[in-house]
Amino acid sequence: MEKVEIHDLLYKVEKPARYLGNELNSVHKEIDEHTIRYAFCFPDVYEIGMSHLGMQIIYHLLNDKKNIFCERVFAPASDMEKEMRDNNVPLFGLESRQALNNFDFLGFTLQYELSYSNILNMLDLAGIPLYSRERTEEDPIVMVGGPCAYNPEPIADFIDIVVLGEGEEVIIELLELYENEKKNGGYTKSAYLEKAAQIQGVYIPSLYNVTYREDGIIESFEPINPNIPRRIQKRIIQNLDEVFYPEQVIVPYLNVVHDRVMLEIFRGCMRGCRFCQAGMIYRPVREKSVDRLSDLAEKLITSTGYEEISLASLSTSDYTELHKMVRHLIDKYSEDKIGISLPSLRLDNFSLELVKEIQKVRKTGLTFAPEAGSQRLRDVINKGLTEHDLTNAVEKAFASGWSNVKLYFMLGLPTENDEDLLGIRDMALKVLDVFYKTPKEDRASSINVTVSTSTFVPKPFTPFQWEPQITLEEIKRKQSLLNENLKRKNLTYNYHDSKTSLLEAVFARGDRKLSKVLEVAFKSGCKFDGWYEFFNYDKWMEAFKETNIDPYFYTRRRAYDEILPWDHINVGVTKDFLIKENERSKNAEVTGNCRDTCSACGITQTFVGGIC
Amino acid sequence: MLMYKMRSKFYKKEDMVFISHLDLLRVFERAMRRAKIPIAYTQGFNPHPIMAFATALGLGISSDAEYIDITLYESVDENVFMDRVNKVLPEGLKLVKSKDVSIKEDSLMSIVKSSSYLVRFILNEKMDKNIFEEKLKEFENLDTIIIKKEKRKRKGNRWINKVQEIDIKESIHSIELAQIEDMEVMLRMKLTAGEVGNIKPEIVLEELANHVNINYNKDSLRIHRINLLNESEEDLMQ
């Protein structure tokens with residue numbers, strides 16, 4: 001098979017190291033006719049994709065199998081894309097530099113909705129037909145996974161296979177089935193897909209028919225024959241100590257977003273914040289043991305030479321043996337100047353001593369996410385932390401010399417009013433106040449508080465999945481209200497573009513009708529929609545107009561009894577629980593965390609009980 | 001604490017030419033950890049290994065002679081050092097010589113004075129060897145070779161672009177034709193490098209092309225560094 005010729009192009013583009021494919025711990029294999037070729041495709045640039053832990057896991061999991069060769073593919077930056085198109089170079093696997101149409105599978109990870117246009121662009125760059133129904137037996141099978149795959153409907157027409165839930169086992173089952181079908185002779189894609197539909201966690205969109213009512217709401221969603229499951233259940237890994245985890249990860253040459261050893265300490269989250277999709281879809285909580293983690297840490301540090309290790313999870317301070325784990329890492333690695341980072345620490349059990357300890361090696365800023373400015377609204381979203389937690393934490397932090405504090409909030413949460421917004425200002429001022437009250441000899445000479453707001457996007461499988469998104473005008477009004485009120489010395493206010501939040505909301509809760517919009521938008525040049533410099537709102541609005549689809553149909557309030565586009569997917573958390581939580585939110589009733597009380601979300605009924 | 005300085009010469013070629021100077025620093029840092037070399041760190045909140053290169057090499061340029069000083073907190077045998085580091089360096093990067101020098105030894109940056117290059121490019125139209133050599137002579141006989149350099153300067157709160165005129169005549173120590181075959185030309189240049197100022201071969205080529213009227217394809221330009229030289233025009237690690 002021929003390699004694509006890119007050497008001369010690399011002299012012309014920015015950051016050519018993105019396209020080399022020979023980084024430390026990358027895998028290169030001999031290819032023969034028995035090799036199953038899998039392309040792990042990340043629909044964004046190299047620096048974003050290489051920061052993704054899931055890719056490192058799947059890449060090494062697959063490459064551990066003798067007959068499978070998994071390569072990486074990222075969206076080429078626009079300068080490289082232009083060179084490739086001008087020189088008729090198709091999109092290729094980084095490791096083999098062979099065109100994607102030589103592959104058996106393309107697996108796209110869906111990390112955020114605004115990357116969908118890049119998926120179409122990447123298929124197009126590879127010369128592969130966009131629509132699933134237009135692809136032949138010769139074309140690769142296109143599959144998706146990741147958080148947005150829990151509502152894959154907006155891109156369902158482009159996709160052959162959707163993998164729901166944690167992929168380590170199901171991906172191997174899918175590839176083994178493929179291998180067997182090929183071995184037995186008479187392989188056809190349609191027979192393969194029908195058999196694949198029987199595997200738990202596998203959803204084949206083409207095997208279902210959707211009908212709509214006159215008002216655009218779904219009327220029915222039915223499998224095309226009785227052998228196909230009506231509801232598709234996600235997959236989870238029972239035992240995290242036994243599941244595959246890479247002992248070496250690819251170390252990029254370029255400075256990527258997360259450039260360190262990432263050690264996953266547990267999956268799931270016990271908190272139940274009502275806006276948070278990750279907190280619902282990744283249930284139940286399952287931890288890795290300190291022994292397993294210590295072993296992995298040693299192997300990963302040795303094989304990469306990294307100078308930093310990060311303990312990754314949705315809420316790091318909820319790991320039951322966090323102190324023991326951190327103590328171990330400090331004792332073992334501080335001599336070698338290996339830093340430890342603990343992202344996603346919570347305020348309410350914020351352990352400053354712990355952070356102080358790790359910052360003796362390397363010092364970083366402090367980030368807190370109160371999410372809402374008033375106690376009432378924090379109770380509405382079930383973010384159970386108080387202003388006292390914040391002031392208490394920063395008081396100790398300032399006394400130990402910290403001078404940089406970042407505060408994250410959301411705008412447009414259900415029931416939010418201007419009083420709640422001004423609460424954001426009050427919190428920021430209180431933080432400044434705490435700083436100035438700290439004795440001068442203890443604290444740093446200056447202070448910097450950064451307030452960042454993102455716009456609330458209602459997501460599937462959360463208690464807020466029925467809630468509307470506020471209008472663009474309302475977002476802008478709220479942003480300028482905050483802007484006015486946060487104009488102070490030592491205060492910085494950042495906010496997201498309201499228009500990208502609208503598009504995100506449309507695709508997060510979208511249905512199959514949106515694939516047409518996506519196609520038209522892509523053909524008119526939309527790509528890298530998550531990048532401010534590329535996002536073209538007008539082109540998107542033209543695409544909606546041309547296809548006669550109203551974006552606001554998707555941002556509206558949904559009724560409890562309507563069929564939602566993702567109702568055929570079972571994540572374990574029941575609709576009854578989500579409704580109950582949404583109702584509780586209206587009265588600002590807090591629901592306790594899973595460790596204290598079980599709130600019967602349903603996860604233990606669908607999956608093996610007693611593990612959360 | 002007693003410190004040691006390991007001076008090394010290495011090459012950078014093949015795919016490694018696409019690794020920038022900053023990225024190269026990280027490659028070395030991580031290679032040192034994997035090779036279990038006792039590297040010394042800077043003090044402070046964000047400790048960095050103490051490493052220093054002779055000069056930065058531009059992106060896309062290959063080199064037979066890059067130099068790096070790495071400070072160690074324990075003495076390591078030169079050959080052991082080379083072996084262990086070469087085992088973990090990626091293909092295209094390799095130490096060719098390592099020497100334990102005095103910690104007080106002058107820095108590489110201060111001893112480098114010039115750099116020799118091979119510069120390859122394709123002409124847009126055929127040219128005889130004689131004619132090309134005449135043109136080179138004409139270029140060498142110029143009294144001054146003025147280039148315009150844009151410099152971003154800070155004036156109060158804003159940045160302004162200031163154009164500076166520099167005569168690079170003295171920075172071109174030599175320039176000669178190594179080979180000309182059909183349209184393909186190979187030049188050998190020796191240019192000023194180091195603390196006194198770095199002059200890039202692509203700039204010299206552009207000036208040459210402008211002054212004596214040579215048409216070439218800019219995309220075809222490939223540059224290779226042959227060596228870095230000290231005051232006595234010798235290798236930095238004699």
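Q: Into which domains is chain B divided, and how far apart are their centres?
A: Domain bounds come from an automatic or database domain assignment, and here that assignment divides chain B into domain 1 (4–110) and domain 2 (114–229). Taken over C-alpha atoms, the centres of domain 1 of chain B and domain 2 of chain B are separated by 29 Å. This is a predicted model, in which local features need pLDDT of at least 70 and side-chain atom pairs count only at pLDDT 80 or more, while totals for chains, interfaces and linings use all residues. Residues are numbered from 1 along each chain as its sequence is written, and chains are lettered from A and ligands numbered from 1 in the order in which they are written.

Q: How many residues does the contact take from domain 1 and from domain 2 of chain B?
A: Two residues are in contact if their C-beta atoms, placed from the backbone, lie within 7 Å. By that rule, domain 1 of chain B gives 12 residues and domain 2 of chain B gives 11 residues. On the side of domain 1 of chain B that touches domain 2 of chain B, the largest share, five residues, comes from strand 3 of chain B, where helices (H or I, at least four residues) and strands (E, at least two) are DSSP runs numbered from the N terminus. That side of domain 1 of chain B holds six nonpolar, five polar and one charged residue; Ala, Val, Leu, Ile, Met, Phe, Trp, Tyr, Cys and Pro count as nonpolar, Asp, Glu, Lys and Arg as charged, and the others, Gly among them, as polar.

Q: Which element of chain B supplies the largest share of the side that touches chain A?
A: The contact between the chains takes 18 residues from chain A and 17 residues from chain B. On the side of chain B, helix 1 (residues 21–34) of chain B supplies the largest share, seven residues. By class, that side of chain B has eight nonpolar, two polar and seven charged residues.

Q: In what order do the four strands of the open sheet in chain A lie?
A: Strands of a sheet pair through backbone hydrogen bonds, either parallel or antiparallel. In practice, two strands pair if DSSP finds at least two bridges between them. The order in this open sheet of chain A is 15-16-17-18, with parallel pairing, and the edge strands, each pairing on one side only, are strand 15 (366–371) and strand 18 (491–495) of chain A. Strand 15 of chain A is joined by four bridges to strand 16 (residues 404–411) of chain A, and E371(A) has F409(A) as its bridge partner in strand 16 of chain A.

Q: Which strands does helix 14 of chain A lie across?
A: Axes are lines fitted to C-alpha atoms, for helices over the stretch in contact, and angles run from 0 to 180 degrees between N-to-C directions. Helix 14 (residues 418–437) of chain A lies across strand 15, strand 16, strand 17 (448–455) and strand 18 of chain A, and runs at about 160° to strand 17 of chain A.

Q: Is K527(A) buried or exposed?
A: A residue is buried if 20 or more other C-beta atoms lie within 10 Å of its own, exposed if 12 or fewer, and partly exposed in between. K527(A) is buried because 24 other C-beta atoms lie within 10 Å. K527(A) sits in the loop between helix 17 (514–523) and helix 18 (537–546) of chain A, and, not counting residues up to four places away in sequence, K527(A) touches S117(A), N118(A), N121(A) and F534(A).
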